[in-house]
Amino acid sequence: MRILVSYGSKRGGTAEIAGIIARTLSARGFQVELSPAAEIESVDGYDAVVVGGALYMSRWHRDARRFVRRHTQALRARPVWLFSSGPLDDSATWNEVPPVEQVQRLMARIGAQGHITFGGRLLPDAKGFIASKMASSLAGDWRDPRIIRAWAEGVADALHAFERTPSHAAEDTPTWS
């Protein structure tokens with residue numbers, strides 16, 4: 001199975017999360033491509049897709065939103081998981097943080113299999129007026145690699161189960177429902 005792991009990231013933290021997910025899926029035997037969402041022209045040739053976006057003021061990264069909107073029809077035909085990164089505290093470590101409304105709408109639009117919100121990261125030397133003001137009191141890294149890998153393992157388990165279903169083995173072009 002070929003899997004695309006794509007992301008929208010402004011300061012690199014979400015890209016690093018996507019990298020952990022891609023490495024985890026690859027270690028489980030999948031062929032994985034990792035790419036910024038803005039650089040993907042087509043999802044043809046991928047059997048599954050994972051899309052992540054950083055959260056800024058309760059909005060999912062523009063590149064991730066545009067990716068989902070641009071490829072809606074194609075994404076409906078394959079399993080898709082979404083993730084967000086952003087809380088600048090440990091809330092995502094101890095509790096399930098539901099997707100923001102914008103992501104909920106995108107999930108419904110494409111029939112996403114699931115979503116998770118991971119903790120975010122803000123460097124103390126963040127550039128930009130708002131980010132630098134926030135960094136003065138909120139700088140830190142709340143991403144937990146164990147939680148990220150565990151979630152990616154769950155995605156891998158779901159995809160391996162799909163590969164083993166008799167109906168999938170009989171089809172040339174699998175459908176996901």
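With which residue does Arg2 form a salt bridge? In this predicted model, the partner of Arg2 is Glu33, and the closest N and O atoms of the two residues are 3.7 Å apart. This pair links distant parts of the chain, since Arg2 belongs to strand β1 (residues 2-8) and Glu33 to strand β2 (residues 31-36), 31 residues apart. Arg2 counts as partly exposed because its relative accessible area is 28%, a value between the limits of 20% and 50%. Glu33 is likewise assigned to the partly exposed class, with a relative accessibility of 31%. Side chains of opposite charge can pair when their charged atoms come close. In total, the structure holds 6 salt bridges.

The side chains of Arg143 and Glu16 meet with a distance of 2.6 Å from N to O. Here too the pair links distant parts of the chain: Arg143 is found in the loop between β8 (140-141) and α7 (145-164), whereas Glu16 is part of helix α1, and 127 residues separate them. The two partners fall into separate classes of accessibility. Arg143 has a relative accessibility of 18% and therefore counts as buried, the limit for this class being under 20%. Glu16, by contrast, is partly exposed, with a relative accessible area of 39%.

Helix α1 itself comprises residues 13-27, a run of 15 residues. From its first C-alpha to its last, helix α1 reaches 21 Å, close to the 21 Å expected at 1.5 Å a residue. Its buried residues include Ile17, Ala18, Ile20, Ile21 and Leu25. Gly13, Thr14, Gly19, Ala22 and Thr24 are also buried in this helix. An α-helix has 3.6 residues a turn, so residues three or four places apart point the same way. Just after α1, Gly29 adopts a positive phi of about 100°.

Buried positions in α7 are Ile148, Trp151, Ala152, Val155, Ala156, Leu159, His160 and Phe162.

The side chain of Asp157 meets that of Arg28 in a salt bridge, at 2.7 Å from N to O. Because Asp157 lies in helix α7 and Arg28 in the loop between α1 and β2, this pair ties together parts of the chain that are 129 residues apart in sequence. Asp157 is partly exposed, at 42% relative accessibility, and Arg28 is also partly exposed, with a relative accessible area of 26%.

Which residues gather in a patch of positive charge on the surface? The patch consists of Arg59, Arg62, Arg66, Arg69, Arg70, Arg76 and Arg109. Helix α2 (residues 62-70) gives the most to this positive patch, with 4 residues. Arg109, another member of the patch, lies in helix α5, which spans residues 101-110. The relative accessible area of Arg109 is 37%, so this residue is classed as partly exposed.

Two further pairs of residues relate separate positions along the chain. Leu55 is located in strand β3 (residues 48-56). With a relative accessibility of 18%, Leu55 counts as buried. Its C-alpha atom is separated by 8.8 Å from that of Val100, 45 residues apart from Leu55 along the chain. The other pair is formed by Asn95 and Thr117, which are 22 residues apart along the chain and have C-alpha atoms separated by 9.6 Å. Asn95 lies in the loop between α4 (91-94) and α5. Is Asn95 buried or exposed? Its relative accessible area is 51%, and Asn95 is therefore exposed, since that class begins over 50%.

Definitions and conventions:
Residues are numbered from 1 along each chain as its sequence is written. This is a predicted model: local features need pLDDT of at least 70, side-chain atom pairs count only at pLDDT 80 or more; totals for chains, interfaces and linings use all residues. Side-chain values use heavy atoms; hydrogens and water are left out. Helices (H or I, at least four residues) and strands (E, at least two) are DSSP runs, numbered from the N terminus. The expected span of a helix is 1.5 Å times one less than its number of residues. Buried means under 20% relative accessible area, exposed over 50%, partly exposed in between (1.4 Å probe, protein chains only). Patches are made of residues with over 30% relative accessible area and no salt bridge: like charges are joined within 9 Å, nonpolar side chains (Val, Leu, Ile, Met, Phe, Trp, Tyr) within 5 Å. Accessible areas come from the Shrake-Rupley method with a 1.4 Å probe; for residues, only the protein chains shown count as cover. A salt bridge is a side-chain nitrogen of Lys or Arg within 4 Å of a carboxyl oxygen of Asp or Glu. Lys and Arg count as positive and Asp and Glu as negative; His and the chain ends are not counted. The place of a charge is taken as NZ of Lys, CZ of Arg, CG of Asp or CD of Glu.
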